[in-house]
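User: I am new to this structure and would like to learn how to read its features. Please take me through a few of them.

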Amino acid sequence: MGDDRFVELLGCLLDGELSEDELSELALLAKDDPGRQQEIQVQLEGEELIALSKDDLRDSTLFLSALQNRISHDTSGSPIGTRLSFTRRGGWRNVLIPSMVSAAAIALIISVFIFWSPGDHNNVAQLVQAEGLLRWTGDGGRIDETLDVGRPLSGGTLELLAPDAGATLRFADQTSVTISGLAMLTLSEYSQKVLHLRYGVLSANVSMQPEQEAMVLHTVNAELLIEGTQFSVVADPSLTRLTVHEGRVRIKRLSDGEEAEIGAAQQSIVRIDDQDPLRVVALGESKYSWRANLADDVAAGWSQEDALSAYGTQVRNAVGQGEMTDADARDSYMQFVLQLKAEARLGAVPMQTQSRTGGLSGDRGGVSYMIAFSVPRGNDAVPVILAENSHFRIQGRVQTPADVEFGFAVLDADGKAGGKYRTIQSIDSDFDLVLPASIFEMLDNQGIQSASGRTLVTWWCSANDRDIGLEITGVALDRP
Amino acid sequence: MKHSNDKSIKFDSLVLEHHVRLRAFVRSLGVDADWVDDLSQEAFMTAYEEWETFDSKRDFGKWVRGIAANIVRNEIRKQSRRRRILNSDLTHLLLNHHGQLAERSLPMTVVAIRACLAKLNSENRNIIQGRYVDGFSILELADRFGKSAANMRQILLRIRRQIRSCVESHITMEDYHG
């Protein structure tokens, strides 16, 4: 038996399709061949690395959170079992024993398990607004990217796949939930509203909930209990920022169980690495200016770290191929590092976006090269409001002249649904634009409406070709 | 933190630093994909329990991988229905092979993996998307991309090799930078 059979068995091994006999056959084929043993290990490692990077349910924070819980139970002598199992193509394994994972993970596990169970599915909400590229995973794991407004939703996960996407869900009791920008939200099928916001911006207007059945919203590091209120949440793997506009919301930090009640016009920020008491701060006067932090605010973009990595590989390959000496490579690399340090910048990355009337991606199958920021994520963040005379100052460059789309998304001041606005500008090379907010047009063909008085949540720019080489070196909002 | 003290803070940061390579390592010993996280966590739990015996001048990543290798070794002795490995002969072989190799110790990061995936050409990126996000089988992927199943397997083998090599070179370059 030769290489063909080995490769066939190895491929099947990684696809999880080998019988016990075939596994033994593979072991036999590799027994006296260190090269084949090495290849098996390389393939298994490669498989694991890719799977890890593609599965949000296996990220660092959930892994650490589950480990901390297991250690807690282990050191407290709890007799409760502590085994953890994920299935790659079928969701979570039901042998998982909930006590060892965080509350957030429990809710996610329960809801995901329910979604992938066979049988009837209860519709719990309806999609009442949809814009941009959306993906729905529900009904036994079935994926649907053609979501029409009015569609009923059962348990499942709604993903917004582009910074300019948005969706609003309405529940039977008229509670509405809006997510915008890049976001991922899981709904349970319970009569009680249980949601998991993996990342993104969410605003909700919650009707009074039945006693003992408060709405529960989980993020990676916090749990929110809501009985009836208006609030908004910004979540990512390391941070949850809750802003309450009306009523009260109870927030629990999952790392230590500390709780606080957040009232109207108050805000609380939970960070994954918080060691200090949970803070509740009153919303100060809203800001009318914002300057993008290219490292911290980025939601989509090719960062300096990525550029460094790519350049590192490039010079390394050049050395390997004899095109460059080791000393030259080191000099070149250090010059590149210094150049990056001298000027912070972000490059555009390809993103699938739904074609829009008049948009730049319409004739390219919905692919745009995009840079996007979430606004704001700072520790002392207060809402950034657009004024009548606000303007954006945008600095950057393109390699070739092109039309570039600039856009932003806002929420109403009360946290309800907002809108998205854009303008298309012809750019030649380096640019330093000052664009009044008033020239941006509302995206959903409802005519030009002012964004004045609304909270800025996302900013983006995009071009329709990689070769345009769109880069951003600065974005700021200000008013005279 | 539930186990809040200096030890725990230090330990948590080491977990965040080393979990990616540990999980890849555990899988490379022929552990069932569904049990990789469980077994990796067990290795970290043992490391936490044995923390007092750990010399901080030593390489934590190497230490915890050694613990994981011992846990995997014990799996071989278990009854088949309770095992978390795919096949005893295969794991035995891979454990021995691992023991003969020079130990790599620098941590891997998900950022590095994603940077490497971004460098794939668009067809290969779509194949990875289909395989690891959309969950298509080899036959479904082959059908979608107009290739034979054998060809698709070869392509995936190449991509995995490429990604792993890229991630290693990414780490080396970061080290070089340092």
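Analyst: Start with burial. A residue counts as buried when its relative accessible area is under 20%. The model here is predicted. In helix H2 of chain B, the buried residues are B:Val36, B:Asp37, B:Asp38, B:Leu39, B:Ser40, B:Gln41, B:Ala43, B:Phe44, B:Met45, B:Ala47 and B:Tyr48.

User: How many of the 14 residues of H2(B) are buried, and what follows for the helix?

Analyst: Burial applies to 11 of the 14, so H2(B) is largely enclosed by the rest of the structure.

User: What span should H2(B) have, and how far apart are its end C-alpha atoms?

Analyst: The helix covers residues 36–49 of chain B, and at 1.5 Å a residue it should span 20 Å. Its end C-alpha atoms lie 20 Å apart, in agreement with that.

User: At what angle do H2(B) and H3(B) pack?

Analyst: A packing angle is taken between the N-to-C directions of two helices. For H2(B) and H3(B), residues 60–77 of chain B, the angle is about 120° and the axes are 9 Å apart. The two helices are therefore oblique to each other, and their crossing is right-handed. On the H2(B) side the contact is made by B:Leu39, B:Glu42, B:Ala43, B:Phe44, B:Thr46 and B:Ala47. H3(B) contributes residues including B:Phe60, B:Trp63 and B:Ile67. By class, this contact of H2(B) with H3(B) has 11 nonpolar, 1 polar and 2 charged residues.

User: How do the axes of H1(A) and H3(A) cross?

Analyst: Angles under 35 degrees count as roughly parallel. In chain A, the axes of H1 (residues 3–14) and H3 (residues 34–54) come within 11 Å and cross at roughly 25°. H1(A) and H3(A) are therefore roughly parallel to each other. Their crossing is right-handed. The contact involves, among others, A:Phe6 and A:Leu10 of H1(A) and A:Ile40 and A:Leu44 of H3(A). By class, it has 6 nonpolar, 1 polar and 4 charged residues.

User: Where does A:Ala265 lie, and what is its phi?

Analyst: A:Ala265 lies in the loop between strands S16 (259–262) and S17 (266–271) of chain A. Its phi is positive, near 60°. With 40% relative accessibility, A:Ala265 counts as partly exposed.

Definitions and conventions. Residues are numbered from 1 along each chain as its sequence is written. Chains are lettered from A and ligands numbered from 1 in the order in which they are written. This is a predicted model: local features need pLDDT of at least 70, side-chain atom pairs count only at pLDDT 80 or more; totals for chains, interfaces and linings use all residues. Side-chain values use heavy atoms; hydrogens and water are left out. Helices (H or I, at least four residues) and strands (E, at least two) are DSSP runs, numbered from the N terminus. The expected span of a helix is 1.5 Å times one less than its number of residues. Buried means under 20% relative accessible area, exposed over 50%, partly exposed in between (1.4 Å probe, protein chains only). Axes are lines fitted to C-alpha atoms, for helices over the stretch in contact, and angles run from 0 to 180 degrees between N-to-C directions. Angles under 35 degrees count as roughly parallel, over 145 as roughly antiparallel, 65 to 115 as roughly perpendicular and the rest as oblique. A crossing is left-handed if the near helix is turned anticlockwise from the far one by less than a right angle, and right-handed if clockwise. Contact means heavy atoms within 4.5 Å. Ala, Val, Leu, Ile, Met, Phe, Trp, Tyr, Cys and Pro count as nonpolar, Asp, Glu, Lys and Arg as charged, and the others, Gly among them, as polar.
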